[in-house]
Amino acid sequence: MTDRLKTIANMITVGSSVADIGADHGFLSINLIENGISSKVIIGEVNEGPYQKSLYNVQNSKLANKIDIRKGDGLQILKPLEVETVVIAGMGGDTIVEILNYDIEKSKSYNEFIFQPMTKANVLRQFLAYKGWIIIDEKIIRETDVFYTIIKVKPENIPYTLNDLELQIGPLILKADTQLKKEYIELFKIKYKKVYDNLHNSNRQDRELLINEYRQKFLILEAILNGSND
Ligand SMILES: C[S@@+](CC[C@H](N)C(=O)[O-])C[C@H]1O[C@@H](n2cnc3c(N)ncnc32)[C@H](O)[C@@H]1O
């Protein structure tokens, strides 16, 4: 299993029943049973190719009696309260939001979610803040020079706000004290500096506003890296 999938597995509450939505190869589900993290896993896959792939891998693992494989879209393959933990990994943040929003009352019936958005993590975090779902853990990992963020969430009903940096980078990642976080933040600094530089050659009316906004973001990240943002 890749480090990304191992990190997801380690963030799941041990002993909980799990649904792995968009499981593709099914390796996470197989690992959860093999390592005693869960004794009941349901796989959900909407596409025929990945569905067949997970069927094949689960059959080969001899765990077919412990992993229930269902074909269908998002959480529609589950009944309310059917599992405690739902994993949705390897999809865009906007797709994850669509899946949750399809039947928000049903979505709220599960105890915890582990999300690993490939893109648009800010869209997902905005949704979580708006709905009042609490981010209880956030991790970043790097695999072959690509950073992945993994977000553990508990559905609640206490809306909160996140600023733009928190939406983009992650509120708990910003507070973490790890070398990887520093390297992750360096990437955003480079990105913001590039936008800042390009804005100087732009004719847009809100140019000055944006220049100031990106300068601020850059300076905040620099202060975080220097440990002087408190
Ligand atoms: C890139 S793979 C990620 C596989 C695995 N979760 C992982 O993280 O390694 C995304 C998978 O999600 C599936 N998928 C996309 N939208 C879905 C949906 N609405 N419901 C269920 N599966 C979906 C795709 O068919 C694909 O197999």
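Let's start at the ligand: one of its nitrogen atoms sits 2.9 Å from a polar backbone atom of Ala 89. Taken alone, the ligand exposes 600 Å², and the protein buries 81% of that. Accessible areas here come from the Shrake-Rupley method with a 1.4 Å probe, and for residues only the protein chains shown count as cover.

A word on the model. It is predicted, so local features need pLDDT of at least 70 and side-chain atom pairs count only at pLDDT 80 or more, while totals for chains, interfaces and linings use all residues. Residues are numbered from 1 along each chain as its sequence is written, and side-chain values use heavy atoms, with hydrogens and water left out.

Back to the site. Which residues come nearest to the ligand? Of the 17 around it, they are Arg 4, Gly 22, Glu 45, Asn 47 and Asp 73. Near means that a heavy atom of the residue lies within 4 Å. An oxygen atom of the ligand is 2.5 Å from an N or O atom in the Glu 45 side chain. A ligand nitrogen is 2.8 Å from a polar backbone atom of Gly 74. Two elements give two or more residues to the shell: α1 (3–11) and β4 (85–91). β4 gives the most, with three residues. Helices (H or I, at least four residues) and strands (E, at least two) are DSSP runs, numbered from the N terminus.

By class, the shell has seven nonpolar, six polar and four charged residues. Ala, Val, Leu, Ile, Met, Phe, Trp, Tyr, Cys and Pro count as nonpolar; Asp, Glu, Lys and Arg as charged; the others, Gly among them, as polar.

Now α1 itself. Its buried residues are Arg 4, Leu 5, Thr 7, Ile 8, Ala 9 and Met 11. Buried means under 20% relative accessible area, exposed over 50%, partly exposed in between (1.4 Å probe, protein chains only).

Next, helix α6, residues 121–131. Beyond four places in sequence, Leu 128 is in contact (heavy atoms within 4.5 Å) with Phe 115, Trp 133, Ile 135, Ile 151, Val 153 and Tyr 160.

On to α10. This helix, residues 207–226, has 20 residues and reaches 28 Å from first C-alpha to last, close to the 28 Å expected at 1.5 Å a residue. The expected span is 1.5 Å times one less than the number of residues. Its buried residues, including Tyr 214 and Phe 218, pack against α7 (164–169), α8 (171–175) and α9 (179–199). Just after α10, Gly 227 takes a positive phi of about 70°.

Finally, the whole chain. We have ten helices and seven strands. Of 230 residues, 50% count as buried. The C-alpha trace spans about 60 × 35 × 35 Å along its principal axes.

How values were computed: Polar contact = N/O pair within 3.5 Å; in protein donor to acceptor, adjacent residues only side chain to side chain.
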